[in-house]
Amino acid sequence: MKRAQRPEGYWHIVLRQFRRNRVAIAGLVVVLLLFIIAAFADFIASDKPLVMKYRNQVYFPVLKDYAAWLGVARWETQFQNVSFKDFVASNFDKRDWAQFPPIRYSPNEVSLTSVLRPPSAQHLLGTDDVGRDIASRVVHGSRVSLSVGFVAVSIYVLIGLFIGALAGYYGGIVDMIASRMIEIMLTIPTFFLIITVVAFLPPSILNIMIVIGITNWPTVARLTRGEFLKTKSLEYVVAAKALGASDVRTIFRHILPNTIAPVFVAATFGVASAILIESTLSFLGFGVPPSKASWGSILSNARQLLPSGWWLTVFPGLAIFLTVTSYNIVGEGLRDAADPRLKES
Amino acid sequence: MRIYFVKRLLLMVPTLLGISLVSFLIIHLTPGDPALLKLGDSEQRSGNQLLAAQIIDETRALYGLDQPLYVQYLRWLKRILTFDFGESLRDHRPIIDKLKERIPVSVKLSGISLLFAYLISIPLGVHSATHPYSIGDRVTTIVLFGLYSLPNFWIATMAIVYLGGGDFWNVFPVYGLASPNAGSWPWWQRLEDELWHLILPVTCLTYYTFAVLSRYMRVGMIEIIRQDFIRTARAKGLGERIIVYRHALRNSLIPIVTLMADLLPALLGGSIVVETLFSIPGMGSLSYEAVNTRDYPLLMAIFTLSALLTLLGILLADFLYTLVDPRIGYEKSATA
């Protein structure tokens, strides 16, 4: 009874509105699915068995690989630098068994005996010009896309919130400087700026994240500034200040939670566009290092091989399309749900 | 009104200065040495280290790259005041000549693309808005949403691979804007040849703009159709056609027309990806070359030009507002 008397919170309303939107929920499911794929990429596509029994002992090579990478464990000498597939084929007898992941290839596993194979039961999405399995590369490529999307957007949301909040809250000279900075950054052609910087940095995912992060903050800053200008003279803010709340407390505890919805919506669309930027950069050859599989770099490779094979262009492109569309759908759903004009409908 | 726009024009100067300073710093502070690049691999491989070092030093001195950054920036500013963009580091040609060559190509390409985008999206948006939630509207909404998220480098690659003689059909040319020996053809043949070359790149450039415009058009039109003056027009017994095309359309054009301002920089900037993939010698591929060769003066010229265009675009948007909607005026804000 007590809970029913409390007015419904803003985020509660947004969530309720969002849940009604079946398309948006479907988009969210795809986004979560992509996250699971990215997180468990090594358990979906790897040349090492998930579990195997060899001479009465059970091993977990995929997990072991993580442990070895972290430095907590070492490979047994008999497994050091071995290809598990060869090992299984040559050393196993009747009592031994190995359970491989659904895709039994690593993203960088070269096999010159199966070059440019079309999709088959063995290679679900075919192979490229040096025999790397496309399915495995697409699965592992999701890691690059999603991590770039998230880290880059987090960087610029943080910068944008900080600058926008300062400008909107303090006004005056702070606002003037911040607004000029926002205006300048919004006017510079962003994509061109990004490739100018990225082209001459050593290829790395981190560099891409940082460059996207520091070039895209102005949109968030402008949104936050506007929301702060609207909110700072509202009664509850004045009341908080009258009660003696410090500036920091007023900004972060009172104003920010009420202004963050549009930023959240912008960030969702931002992830979609960051993923697009990353894949374009990798496509142009400025993106990830060659050892990393990325959707853009698979496509770039496919373009250089003409005639290549339809599987090389279709699947990585579909992966990008699916990801970007789902984020856009979720963003639209959030925007509609957060729009106060639609609340009553 | 005029005073307001003059004021706005003058306010652009400090912004442009800021932009040029930021671009200058970014370009010069990122790693990569144009003198080294210019030297190329051949001299480096020859093993004559002394000669190589000497060439690098002389190249730097020649272009003033050995000076402190602020001196270089001030020099650049001084030259730009007389519209002197300097010489390309790569082939010593004046940058202004390069721009003169490339800009018309991009203007043509983007101009055609914009024209098509508007020509298709306006009637489509109107139809969707006048038949909301019909099957046609639902299908267009879904298709437009899809177009919105399609990476253009993917579409361009697919077009080249499947329609340009890669894996399947060899229907369209995928290299440049004219066939190699087109110079000697009569004009109608040349025109046909060029149109044939334009189809794929223009499609790749257009679909995104088209999707954005149509979505705006539909939303704008739906909002207008719900307003009182449309109901009044219906009550008077006006025909649906007149209501839609004379009363509603004019009012719903406002957001679409002002979007033009956002699209203006694209007109010149071209598309880096599409122009590079189709080997079209426009501003987009020039930008790509400038990045790859670290051509400082050329990079600066491109940055400044596109920033200038963006600013002019914003100004144009504000001006267009007053044209399409006489209720909007800037006199008050000009005095404030």
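In the predicted model described here, L316(B) is found in helix α13 (residues 296–324) of chain B; helices (H or I, at least four residues) and strands (E, at least two) are DSSP runs, numbered from the N terminus. Residues are numbered from 1 along each chain as its sequence is written, while chains are lettered from A and ligands numbered from 1 in the order in which they are written. Because the model is predicted, local features need pLDDT of at least 70 and side-chain atom pairs count only at pLDDT 80 or more, whereas totals for chains, interfaces and linings use all residues.

L316(B) counts as partly exposed because it has 16 C-beta neighbours inside 10 Å. In this scheme a residue is buried if 20 or more other C-beta atoms lie within 10 Å of its own, exposed if 12 or fewer, and partly exposed in between, with C-beta atoms placed from the backbone. Leaving aside neighbours within four places in sequence, L316(B) is in contact with A261(B) and L264(B), a contact being defined by C-beta atoms, placed from the backbone, that lie within 7 Å. The C-alpha atoms of L316(B) and I225(B) are separated by 27 Å, and the two residues are 91 residues apart along the chain.

Helix α13 of chain B is also among the elements that give two or more residues to the side of chain B that touches chain A; the others are α1 (2–29), α6 (135–149), α7 (152–163), α10 (240–269), α11 (272–277) and α12 (283–293). The contact between the chains takes 37 residues from chain B and 35 residues from chain A. On the side of chain B, these residues divide into 21 nonpolar, 14 polar and 2 charged. Here Ala, Val, Leu, Ile, Met, Phe, Trp, Tyr, Cys and Pro count as nonpolar, Asp, Glu, Lys and Arg as charged, and the others, Gly among them, as polar.

Chain A contains 15 helices and 3 strands, and its C-alpha atoms fill a box of roughly 80 × 55 × 40 Å, taken along the principal axes. Of the 345 residues in chain A, 42% are buried. Among contacts in this chain between residues at least 6 apart in sequence, 69% join residues at least 24 apart.

The strands of chain A form an open sheet of 3 strands in the order β2-β1-β3, with antiparallel pairing; two strands pair if DSSP finds at least two bridges between them. The edge strands, β2 (57–59) and β3 (97–99), each pair on one side only. Strand β1 (residues 51–54) is joined to β2(A) by 3 bridges, and K53(A) has V58(A) of β2(A) as its bridge partner.

Among the helices of chain A, α11 (residues 217–231) and α13 (residues 247–284) pack at an angle of about 145 degrees, with their axes 9 Å apart. Axes are lines fitted to C-alpha atoms, for helices over the stretch in contact, and angles run from 0 to 180 degrees between N-to-C directions. Residues making this contact include V220(A) and L223(A) of α11(A) and I255(A) and V263(A) of α13(A). By class, the contact has 7 nonpolar, 5 polar and 1 charged residues.

Definitions and conventions
Two residues are in contact if their C-beta atoms, placed from the backbone, lie within 7 Å.
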